[in-house]
Structure formats: C-alpha cells, structure tokens
Amino acid sequence: MYKGQRLNRLELVVLAPSKRDYYEVLGVERNASDAEIKKAYRKVAKQFHPDVNQEDKTAESKFKEANEAYEVLSDPQKKARYDQYGHAGVDPNGFGGAGGGFGDFDFGGIGDIFESFFGGSGGFGGRSSRTRNGPQKGSDLKYSMEISFEEAAFGIERDISINRMEACITCGGSGSKPGSNASTCQHCGGSGQVQVKQSTPFGQFVNVKTCDVCRGEGKVITNPCGTCNGKGKIKKNVKIKLSVPAGIDDGQTISLRGEGEPGTKGGPSGDLYVTVRVRQHAIFKRQGNDVICEMPITFVQAALGSELEVPTLDGKVRYTIPEGTQTGSVFRLKSKGIPFLRGNGRGDQYIKVEIDVPKKLNEKQKAILKEFADISGDDVHDQRKGFFDKMKDALGID
C-alpha cells in the first residue's frame, strides 16, 4: 500500500505543469535593471493583452504569466526571494511566500503601464477605468466634384450640396420632447459604462464595457421628441460655399474643417474632404504646371515660316515660327501655363507643331509639287541626305 501511495504522489508531481522562469517569460537577463524589466514587461503585456488578441486562445494565459513575472521581478523583496529560492520563494503556500502571495495581488504599477497602452488603467486591482463617454468628434464626410480644365487653372467658387446630420430644431438636439428631460440611466448610474469583475489566481480583473441600456450615453430618453424620434439629430441637405484654389490638379483634395457630421456630448464636428476631378481639355494637356498644345500646320507654313494664331488659357496670341520648321518642333510661351498652387507665378505653355500632309490633291497642285521636286532635287533635303549617307555606311553601299 505504501508503495502504491508513493507512486500516486510521484504521478502528481510529474503531471503538474511547471512554471517557466520569470526572466525567460519577460525575455531579460537575470542581471537586468528595473528599467529593463519594466520595458520588457510593457512589450510582452501589450503583445498578449486579451483585448488586442481576442481570437488567440493562448494570449490570456501568456498575459497572466507576464503579469505574474513582473509582479515578482518589479518588487525588490520578492525578486530577492525568487533569485534565492526560485518559484518556491514567492509561492503563497510555500516557505518564502508569507505575506507576499498573489491572493492580494496589487496591480498598481501594472495599471500605470496599461494606462499608456489603452488610455486608462484597465480596471486592474479594482481601479475605476477612465470614462469613455465624454465629448467625441463627429465623423468625417467625403465629396467628389468635377470642374473644367480652365476652372482648375484659375480657381472657382461653387456651392455644393451635401447630406449630413444636423441637430434637431424641435428638441435642440436633446432627443427629448420639449418640456421634458432625459433621466439618468439606473443601470450604469449615468457613467455610460458597467464593470464586470472576474476573480483569478492573480487578483481581481475588472473589465469595463459600454452600458447596454443607455448605449454609453449615461441617460435614458423616456419621452422622445416626435421630430427626431429621440435621436436628437435629423438628416438635412446643406449647401456649402467652396473655394477651389487656382492651380489645383486632378485628384487633389480640399479639406473643410468642421463641415462634417456633428460631434456628440459637445464634441467638435468632423471635417469634409472634397476630391476634385478635372475634365480633360479638347486641345490642352497638363504636365505639372506647364500646358502642352499640339498644333497642326501646313507644309507651306513650315517651309516658308508663318505667323500662327495660338490658343492659350488667356485667349489667342500670335506667334511666328521660322522658315524650315520641322514637324515635332516645340516652341515655348513663357508664363502661359497653370498658376502655382502655393506661391506666385505660372508655368509655361509649349506648342508642338505637326505638319499636316494633305491626303487629296487636285491635278494642278500635284503638278506644282512635281515641278518643285524637279527644281529642288536633293539639295534642299539636308536631313534626307544625311539619312541616306548613314544608311550607305551601315550597309557598306558605295
């Protein structure tokens, strides 16, 4: 019988889960400083916090393990007992755990750390969580508008219409029927939050969640406004004057502060973001702040030179091209481009000429061109002569 009982005792010892070394849990050396231990704990605790890893079933146990390790290693007396005796030195049921066990777990220092993680102490050790039902900024809105090429170049003022929530005129945004007031929520006591306590071997955890009765408002509307049905807001179509700056480009966005959805509990309104789409122009193309214009000219204009009537954003101007102008030649009109969005000055306009070869000629025109070709020969075609010279050299033709 004695041997059997001893065997059972040995089985319990073998099957009992062994704790990991606290230094290993936090990933620090045994001679780590207090600052290094605290920094390591912040990293591990943030990584495995249950609120951040709701789908990871092992995160909670790792989080508790990190809490236990930090509770010991951050306390000089507990750390000294652990360094000397190991886990037995800090076991509340062991020889070294008198008065220093986890049954009365103080999360004071840990709570301060988690306040920097999640905006509140997280309820550690029974502490109250920072209220989350204060003033909140309203949602942002997005709007897309289309303007012409010229409007983008020189700017424009335009009225736009958007649909957004506005405070109800009847109840003034309170949600209650005129003459009545909302009552304090009895379920949460007006805080908008309720605490759910959970006892663990490491102390008491307090989770804070939004009150299901008042949905975080802290108040319950018992006599709702008939216009907004107790919401305090109604959807309205609002006109807003928008100033589009000169030089804006396709796809750029204008932000209007405070023109979004209204805030709650006295919070500021959201913003309105207007994305500008610029229609393509029939003859102009934009390249940065420069304007490109491809202009067809006749063979005679190119050969003899000519004064052209060139379209620009400011209207038509006259520009003289020299004789012998080749197709694809580019000419510059200074400061006839797009104004700079932030700053003075404008880009340039570039005229790219393309010789328009006629597709249909009458007999008289053909005769004149043949006579021109007979008179000219190859002497006037420098580019053509150069090409054939290169071709002969490349092919070894005499």
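**A friendly note on rings, a patch, a sheet and salt bridges**

1. Ring pairs join Tyr22, Tyr23 and Tyr82 into one cluster. Here rings of Phe, Tyr and Trp (its six-membered ring) pair if their centres lie within 6.5 Å; planes under 30 degrees apart are stacked, over 60 edge-to-face, and the rest tilted. Before going on, please keep in mind that this is a predicted model, where local features need pLDDT of at least 70, side-chain atom pairs count only at pLDDT 80 or more, and totals for chains, interfaces and linings use all residues. Residues are numbered from 1 along each chain as its sequence is written, and side-chain values use heavy atoms, with hydrogens and water left out.

2. How many aromatic pairs does the structure hold? There are six aromatic pairs. In one of them, the ring centres of tyrosine 23 and tyrosine 82 are 6.1 Å apart with planes at 40°, so this pair is tilted. It links distant parts of the chain, with tyrosine 23 in helix H2 (residues 22-26) and tyrosine 82 in helix H5 (residues 76-85), 59 residues apart. Helices (H or I, at least four residues) and strands (E, at least two) are DSSP runs, numbered from the N terminus. Both tyrosine 23 and tyrosine 82 are buried; buried means under 20% relative accessible area, exposed over 50%, and partly exposed in between (1.4 Å probe, protein chains only).

3. Phenylalanine 149 and phenylalanine 284 also form a tilted pair, because their ring centres are 6.3 Å apart and their planes stand at 35°. This pair links distant parts of the chain too: phenylalanine 149 is in helix H7 (residues 149-154) and phenylalanine 284 in strand E10 (residues 284-287), 135 residues apart. Both phenylalanine 149 and phenylalanine 284 are buried.

4. The next topic is the sheet. E10 belongs to an open sheet of four strands with the order E10-E11-E15-E14 and mixed pairing. Two strands pair if DSSP finds at least two bridges between them. E10 and strand E14 (330-333) are the edge strands, each pairing on one side only. E14 pairs with strand E15 (residues 349-355) in the antiparallel sense over four bridges. Which residue in E15 is the bridge partner of phenylalanine 331? The partner is isoleucine 351.

5. A search of the whole structure finds 23 salt bridges, each a side-chain nitrogen of Lys or Arg within 4 Å of a carboxyl oxygen of Asp or Glu. One of them joins arginine 332 to aspartate 348, with the closest N and O atoms 3.0 Å apart. Arginine 332 lies in strand E14 and aspartate 348 in the loop between E14 and E15, so the pair ties together parts that are 16 residues apart in sequence.

6. Lysine 137 forms a salt bridge with aspartate 271, the closest N and O atoms being 3.4 Å apart. Lysine 137 counts as partly exposed at 46% relative accessibility, while aspartate 271 is buried at 5%. Elsewhere, Asp21, Arg30, Lys79 and Asp83 are linked in a network of salt bridges.

7. Aspartate 159 forms a salt bridge with lysine 241, and their closest N and O atoms are 3.4 Å apart. Aspartate 159 is in strand E2 (residues 156-167) and lysine 241 in strand E7 (residues 233-244), so the pair ties together parts that are 82 residues apart in sequence.
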